[in-house]
Amino acid sequence: MQDKEPGIHFGWVGLLAAIGVVVTYLAFWGPFIPSLGDNAVAVWQSIFTNFGVGVFSAAVLLLFEPKLRKVITKTVTEEVRDAVQVDLEARLAPLSDRINSLYEAKLAGQQALVTDLAKNFTNERVTQVLREADAMAALYAKSLRVQAEDVPGKLHIGLELRSFYGADAWRNGQPRPGEQPEEELVLSAYTTSKNDASVTWESDEDFATVAFDLAEELASQGARGLKQQIIWDPVLERFERNFKIALEASNGGDGVLGIDGALVEVAGSDSAPWYLTNEGLYYPNQSWSLPAKSFVIPHRGHGYETRSFPDVDKPSWADPAEWDYMVSRARSHFDIF
C-alpha cells in the first residue's frame, strides 16, 4: 500500500499569513504614537517589518512545502537508485568480464606505447617502452640492437636502459639497504672496426642532439667519419617495429611471430629478419631456429670450465653475410652465460 502524500496545512498557512500581514501593517503606525521619538519609530518599524515579512515568508514556504518535499525526495531517490544500480552491475558482472577488461587495458596500453614511436622518439617514451618490455620479459637486459646499414655487421645501433648505483649508495662494497638504483638511457653504435661507441641520452636531450653526439664519438674512435652520416629514419622504424614484435611475442597468442625468449638483436633484411634471443637464433621466414646450446658448449672438469664453439651448418637458403654475422653474434652472446 502506497503511503498517502501529506497535504497542505491551510489552517497554519492562513494563520501565519495573517500574523505576517498584521505585524507588517502595524510597523507603519509608529508615527501616530505621540510618546515615541523619531529614532524609536525607525527602530520599531524595522523590527515589526522584518518580523512580519519573516512570518509571511514562513506561510508561503508552508504552502509549497509538500510540493518541494515531493520533488526533492524524488530527485534524491532517483540519484541514489542510479548509483546503487551502477554499483550492483559492477559487482554482479561476470568475473571473466572483469578479468578480460584488465587484459584488454594492459594490451591496449602497450600498443599505444609503441605506436608511432619513430615519429615521437623521445627519451621519456623510449624509457617507458624499455621498462614495459623488461617487465614483460620481452627484452634481454632492457636493451635492443638493430641493423643500421644494408650490410650486416657494418653498423648496428643499440638502446639500453642501464641501472646503476651512485657513489653515495655504496657501503662496504655493497649498496646500502633500501637504496634504489638509478637509470640512464644509453645509445650505442657497433661497427666492423670494433671501435664501439656509446653516449648517455639525458632526459632533457632531444634525440637529434644525442644522435650527433654518437656520430662525434664514432669519429673520435676512428670508426666512422662525420661525412658517413647515419640514416636514422629506417633505424627508428626498426626500433618501433621490433619493440612491438618483442612485446607481442612475450604476450603469446595466435598469429604471433614464432620466437621464444627475450629479444637481444634483430638483423638482416626488413622483410625477412633474423632474431637473436636469450633462447636461440630464429629465422621465422623459413620457420627455422637453433637453441643456444648449438653455438656454445660448456665443459666442466678438473675444477675449471672451458667452452667450445661447434660448427653450425649454414642452411642453403641463408644469405652468407647475414648468416656469418648472426652466428658470430650468437656465439658472442651465449658465451657470457
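How many residues lie between S7 and S8 in the hairpin that they form?

Analyst: Before we start, please note that this is a predicted model, in which local features need pLDDT of at least 70 and side-chain atom pairs count only at pLDDT 80 or more, while totals for chains, interfaces and linings use all residues. Residues are numbered from 1 along each chain as its sequence is written, and side-chain values use heavy atoms, with hydrogens and water left out.

Your hairpin has 4 residues between S7 and S8. Both names refer to strands, which are DSSP runs of E with at least two residues, while helices are runs of H or I with at least four; numbering starts at the N terminus. S7 covers residues 263-268 and S8 covers 273-277. These two strands pair in the antiparallel sense over 5 bridges, where pairing takes at least two bridges found by DSSP. One place to look is Gly268, which stands opposite Pro273 in S8.

Now turn to the other partner of S7. S1 and S7 pair in the parallel sense, over 2 bridges. Here Arg145 has Glu265 in S7 as its bridge partner. S7 is also mostly covered, with 6 of its 6 residues buried; buried means under 20% relative accessible area, exposed over 50% and partly exposed in between, using a 1.4 Å probe and protein chains only.

Next, step back to the whole sheet. It is open and mixed in its pairing, with 8 strands in the order S6-S5-S2-S1-S7-S8-S9-S10. The edges belong to S6 (197-201) and S10 (288-291); each has a single partner strand, so one side of each has no neighbour in the sheet. On average, neighbouring strands are turned by 15° against each other, direction ignored. Tyr283 is found opposite Trp288 in S10.

Helix H6 (residues 232-251) touches S7 and S8, along with S1, S2 and S5, and its direction makes about 130° with that of S1. Helix H7 (residues 320-334) also touches S7 and S8, together with S1, S2, S9 and S10, and its direction makes about 10° with that of S8. Contact here means heavy atoms within 4.5 Å. Axes are lines fitted to C-alpha atoms, for helices over the stretch in contact, and angles between N-to-C directions run from 0 to 180 degrees.

What about the nonpolar interior? A nonpolar core is a set of buried Ala, Val, Leu, Ile, Met, Phe, Trp, Tyr and Cys residues joined through side-chain atoms within 4.5 Å. The largest one has 44 residues, of which Phe121, Ile157, Leu187, Phe207, Trp232, Phe239 and Phe243 touch the most other members. H6 gives the largest share of this core, 9 residues. A separate core holds 20 residues, including Trp274, Ala292, Ala330 and Phe334.

Finally, visit the loop between H4 and S1, where Ala141 lies. Most residues other than glycine have a negative phi. Ala141 has a positive value near 55°. With 41% relative accessibility, Ala141 counts as partly exposed.
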